[in-house]
Amino acid sequence: MENAINWSELSFGYMKTDYNVRCWYRDGQWGELEVSSSEVINIHMSATCLHYGQESFEGLKAFRGKDGKIRVFRMDENAKRMQSSARGIMMAEFPVEKFEEAVYKAVKLNERFIPPYGSGASLYIRPLLIGTGALIGVKPSDEYMFLVFVTPVGPYFKTGFKPAPVCIMRSFDRAAPQGTGCYKVGGNYAASLLAGHKAHEKGYVAVLYLDPKEKLYLDECGPANFFAIRENTYITPASNSILPSITNKSLTQLAADMGLKVERRPISVSELSTFEETAECGTAAVITPISQIDDLDENRSYVYSKDGKPGPTCEKLYNKLFAIQTGDAPDPYGWVRIIE
Ligand code: PLP
Ligand code: COI
């Protein structure tokens with residue numbers, strides 16, 4: 001069956017794989033990991049995840065190296081972030097070690113779906129944590145389900161590693177100033193759907209959200225963090241309404257290693273005209289350079305790529321990150337776990 005997959009043509013979509021891994025929290029404790037070959041879950045119609053959004057998900061990737069080995073990138077960070085999301089919306093925290101074991105199993109059992117080295121595709125790993133207890137009052141569930149499935153994917157944005165346009169629209173926020181923006185919970189993505197749809201209709205790949213309190217600073221894009229390059233400096237927003245991106249955290253390290261200064265601070269909209277390069281970054285987006293940012297309310301455009309090519313710093317960062325993820329470059333920080 002795997003022979004039928006055209007790896008280099010894959011988009012960022014769902015494809016059925018062989019197995020997923022599940023675990024249930026009941027009577028105050030997590031049970032054993034269970035392997036399932038069903039794509040369906042059976043939950044109560046009054047489960048808190050369905051009514052009150054008690055849901056968190058994660059996204060990480062496995063890569064096949066030139067040496068044939070399978071590598072998963074920074075899964076401990078995803079495990080910890082899911083714990084933070086769980087605390088943020090009062091769900092039972094899934095233990096880090098169990099998370100890693102579940103990811104390991106899900107990848108290993110679906111090995112035949114891991115795209116080959118050089119195909120431009122990877123295996124996307126989607127952990128999920130949901131409240132399954134049947135409640136009708138707005139209260140945290142006392143039962144939870146954790147699940148990991150995998151699916152082979154191509155680039156999140158059709159453009160891949162090519163500059164793509166984004167827009168600013170002040171009439172939409174993805175998160176509230178003191179809300180759940182820093183957690184990876186489904187509600188943030190539901191809140192981004194309408195703005196994302198309007199942006200797509202206008203030809204943009206994403207919305208660049210501003211800080212929801214004052215609309216003076218840059219926050220992040222719908223599915224990815226934002227960074228800019230100026231005068232040998234990597235600049236990325238500090239904000240409590242954005243998701244702490246593991247890709248961004250990794251890139252700040254790689255940028256520093258390359259001799260760039262790193263600044264994580266509020267970035268004023270007025271700085272947009274001063275940047276040499278801008279990009280989105282995340283597991284799915286990897287680095288997607290931004291060709292131009294159109295501020296639709298102010299009727300202004302900021303252009304970062306006229307020739308359709310990524311800027312030199314984005315390119316260097318992309319190559320370095322990808323080389324570590326696939327084992328082409330040494331892994332000095334122990335970011336990669338080999339699945340044997
Ligand atoms: N911001 C948002 C809203 C996201 O959904 C994602 C994707 O996970 C990111 C940023 C990037 O985070 P990471 O690099 O950990 O994938
Ligand atoms: C990711 O980058 O893994 C994401 O979760 C982004 C998006 C698919 C929601």
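This is a predicted model: local features need pLDDT of at least 70, side-chain atom pairs count only at pLDDT 80 or more; totals for chains, interfaces and linings use all residues.
Let me begin with ligand 2. Around ligand 2 lie Phe-12, Phe-57, Gly-59, Tyr-124, Arg-126, Tyr-156, Lys-184, Tyr-189, Pro-223, Thr-283 and Ala-284. Tyr-124 places a polar side-chain atom 2.6 Å from an oxygen atom of ligand 2. The side chain of Lys-184 has an N or O atom 2.7 Å from an oxygen atom of ligand 2. Ala-284 takes part through its backbone, with an N or O atom 2.8 Å from an oxygen atom of the ligand.

I turn now to ligand 1. It has 16 residues around it, of which Tyr-189, Glu-220, Ser-245, Thr-247 and Thr-283 come nearest. The side chain of Thr-247 has an N or O atom 2.5 Å from an oxygen atom of ligand 1. For Ile-246, a backbone N or O atom lies 2.8 Å from an oxygen atom of ligand 1.

Finally, the helix pair. Helix α2, residues 75-88, and helix α3, residues 96-109, have axes that come within 9 Å and cross at roughly 125°. The angle therefore makes α2 oblique to α3. The crossing of these two helices is right-handed. On the α2 side, the contact involves Met-75, Asp-76, Asn-78, Ala-79, Lys-80, Met-82 and Gln-83, which meet Val-96, Phe-99, Glu-100 and Val-103 of α3. By class, this contact has six nonpolar, two polar and three charged residues.

Methods
Residues are numbered from 1 along each chain as its sequence is written. Chains are lettered from A and ligands numbered from 1 in the order in which they are written. Side-chain values use heavy atoms; hydrogens and water are left out. Axes are lines fitted to C-alpha atoms, for helices over the stretch in contact, and angles run from 0 to 180 degrees between N-to-C directions. Helices (H or I, at least four residues) and strands (E, at least two) are DSSP runs, numbered from the N terminus. Angles under 35 degrees count as roughly parallel, over 145 as roughly antiparallel, 65 to 115 as roughly perpendicular and the rest as oblique. A crossing is left-handed if the near helix is turned anticlockwise from the far one by less than a right angle, and right-handed if clockwise. Contact means heavy atoms within 4.5 Å. Ala, Val, Leu, Ile, Met, Phe, Trp, Tyr, Cys and Pro count as nonpolar, Asp, Glu, Lys and Arg as charged, and the others, Gly among them, as polar. A residue is near a molecule or strand if one of its heavy atoms lies within 4 Å of it. A polar contact is a pair of N or O atoms within 3.5 Å; within protein, one must be able to donate a hydrogen and the other to accept it, and residues adjacent in sequence count only if both atoms are side-chain atoms.
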